[in-house]
There are 2 protein chains.
Amino acid sequence: MEIIRTVPWMKEKARLARAENHVIGFIPTLGALHEGHLSLIRRARAECSRVCASIFVNPTQFGPNEDLSKYPRTFESDVKKLESAGVDVLFAPDAKEIYPAGFGTYAEVESISNRLEGRSRPGHFRGVATVVLKLFNIVQPQFAYFGRKDAQQVRILQQMTGDLNLDVELVVCPIVREPDGLALSSRNVYLSADERRAATILHRALEAASQQAKTGVRDAAQIQQIVIRVLAEEKLSRVDYAEIVDAETFEPVTVIGARPVYVLLAVHLGKTRLIDNLLIEPAQDSGALKCSL
Amino acid sequence: MEIIRTVPWMKEKARLARAENHVIGFIPTLGALHEGHLSLIRRARAECSRVCASIFVNPTQFGPNEDLSKYPRTFESDVKKLESAGVDVLFAPDAKEIYPAGFGTYAEVESISNRLEGRSRPGHFRGVATVVLKLFNIVQPQFAYFGRKDAQQVRILQQMTGDLNLDVELVVCPIVREPDGLALSSRNVYLSADERRAATILHRALEAASQQAKTGVRDAAQIQQIVIRVLAEEKLSRVDYAEIVDAETFEPVTVIGARPVYVLLAVHLGKTRLIDNLLIEPAQDSGALKCSL
């Protein structure tokens, strides 16, 4: 695996790969890699002739009171994991390489960016959209792989790639979970033993929502109430939001029916904020709903 | 010359040209073509193996009280001019093709966008940056040609292409003028006969600035005063701004010295607003200043 630190070198590497008709699969990460990231890499490895991952703790997507400085940095073990997973190129620039002095251009995806995660984390999605746009322009992938855990992020990046006429297809991959249901996240390492036990409450609340939908409940408010009731059972948790939204517009829905919806959760456990979601889609050829945790 | 109306067709055309190792030169326009545009096309024709022009009256760069609806549209004669100038492909999409329903992603170039033209025309540069970013992604040019008359626009687009790691080189071409000095502009057709005569005041004011700089005046305020005095001689004109700024930062300067500066004018003549500029650069190997009108 080649490790590349500079933009010109990465661009040249990408240019050569494209000139040789390689299909480039790209997995942008903030490092602190876990099985969720590795599942994206395995998917890219299976589908593309060249696999590039990036590790960049992007300062513009962290708010002033967020965890930029203490975000877990585990570069050496990340490199070993990527190498084992068959990554060809790791792009690992420093902040000055991506945001040199005088930098001042941002990508803004309106409307979807201001709700839910965007309301709780102002400027977050502007930072995400900007760095991903830059990384796409540098790495020149045909396919980019993202986990469904960050559902709103993925939707915003899909909107951006369409709106800006980019030639990248976003591949959305399933959420990877611990045996007890906790969605994998680099932030799980922040949790104390008690918080870690309590953190399964997100999955349990989404399980309850899934049960409701499967038994025919279509009223979003009713499902939302059950989710909030389950979350309230865990005294260590503090709910940021628990909403049921259209999977395309991210606007709240009242009835679950013809279009896919997400049940989206953001929950504080002590100083750690976790997100998770359930995708509910109409099943083909039946009135039933398909639930994906 | 092939005329292309849709994004997918234009992208495919560009993809094929790049696959055949063509060098694509691109001239984005709002139509209503004049000798200024044609000088850009001739330059592209001399430097590139494929020349693509676009005609798109971009709604997002016009303010609510601006001249979008009455902007001159002369498609048939534009086509003849482009054909004569040797353009290979004209990309002429309609507004829905560029901004389909649900569109919501914008490129924002901070700081430089809020001064001068950006202050007088809020949102203007956001619209320009967004459409040019989209057009670059669709047409995939290695070189793009712009006139120096829109100096601030060119600077913003240079900032954007650098910040977003785009592989496009911007080529800035001289201002083309009428025999009496008026800079060519599609908006000149709005002028009444009296206003047309009065419009030479911009060039005369810049000439006065140029004379001052050539005779050794380095004090920006002194030159600015002379420019404003000349502009005031023309009773049909109303000055929007007359400023001397650093050619890179577009911040006002006090002394003209080691770095290039622009003398920038925006002047109303009746309902028509015209812009023009003078570039002052330190001459190589001497203390003298080089002035480009």
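Leaving aside its neighbours within four places in sequence, B:Lys134 is in contact with A:Leu164, A:Asn165 and B:Ile98, where contact means that the C-beta atoms of two residues, placed from the backbone, lie within 7 Å. The model is a predicted one, in which local features need pLDDT of at least 70 and side-chain atom pairs count only at pLDDT 80 or more, while totals for chains, interfaces and linings use all residues. Residues are numbered from 1 along each chain as its sequence is written, and chains are lettered from A and ligands numbered from 1 in the order in which they are written.

B:Lys134 belongs to helix α6 (residues 124-139) of chain B; helices (H or I, at least four residues) and strands (E, at least two) are DSSP runs, numbered from the N terminus. B:Lys134 counts as buried because it has 23 C-beta neighbours inside 10 Å. The scale behind this word calls a residue buried if 20 or more other C-beta atoms, placed from the backbone, lie within 10 Å of its own, exposed if 12 or fewer do, and partly exposed in between.

The meeting of the two chains comes next. In total, 20 residues of chain A are in contact with 20 residues of chain B. On the side of chain A that touches chain B, β5 (105-109), α6 (124-139) and α7 (151-163) of chain A each supply at least two residues, and β5(A) gives the most, with 5 residues. By class, this side of chain A has 10 nonpolar, 6 polar and 4 charged residues. Here Ala, Val, Leu, Ile, Met, Phe, Trp, Tyr, Cys and Pro count as nonpolar, Asp, Glu, Lys and Arg as charged, and the others, Gly among them, as polar. β5(A) and strand β5 (residues 105-109) of chain B run antiparallel and are joined by 5 bridges; two strands pair if DSSP finds at least two bridges between them. Within this pairing, A:Tyr106 stands opposite B:Glu108 in β5(B).

Chain A holds an open sheet of 6 strands in the order β1-β4-β3-β2-β6-β7, with parallel pairing. Its edge strands are β1 (2-4) and β7 of chain A, each of which pairs on one side only. Neighbouring strands of this sheet are turned by 25° against each other on average, direction ignored; axes are lines fitted to C-alpha atoms, for helices over the stretch in contact, and angles run from 0 to 180 degrees between N-to-C directions. Helix α1 (residues 7-19) of chain A packs on the sheet, touching β1, β2 (24-29), β3 (50-55) and β4 (89-91) of chain A, and its direction makes about 130° with that of β1(A). α6(A) lies across β2, β3, β4 and β6 of chain A and runs at about 145° to β2(A). β6(A), α7(A) and β7(A) make a right-handed β-α-β unit, meaning that, with the strands pointing away from the viewer, the path from the first strand over the helix to the second runs clockwise.

In chain B, strand β2 (residues 24-29) has 6 of its 6 residues buried, so it is largely enclosed by the rest of the structure. B:Ile24, B:Phe26 and B:Pro28 point one way from β2(B), and B:Gly25, B:Ile27 and B:Thr29 the other way. β2(B) runs parallel to strand β3 (residues 50-55) of chain B, to which 6 bridges join it, and B:Gly25 has B:Val51 as its bridge partner there. The chain crosses from β2(B) to β3(B) through helix α2 (residues 35-47) of chain B in a right-handed β-α-β crossover.

Finally, the largest nonpolar core has 159 residues, of which A:Ala129, A:Val139, B:Ile41, B:Ala129 and B:Val139 touch the most other members. Such a core is a set of buried Ala, Val, Leu, Ile, Met, Phe, Trp, Tyr and Cys residues joined through C-beta atoms within 7 Å. Beyond its neighbours within four places in sequence, A:Val139 is in contact with A:Met10, A:Ala14, A:Ile24, A:Phe26, A:Cys52 and A:Phe91.
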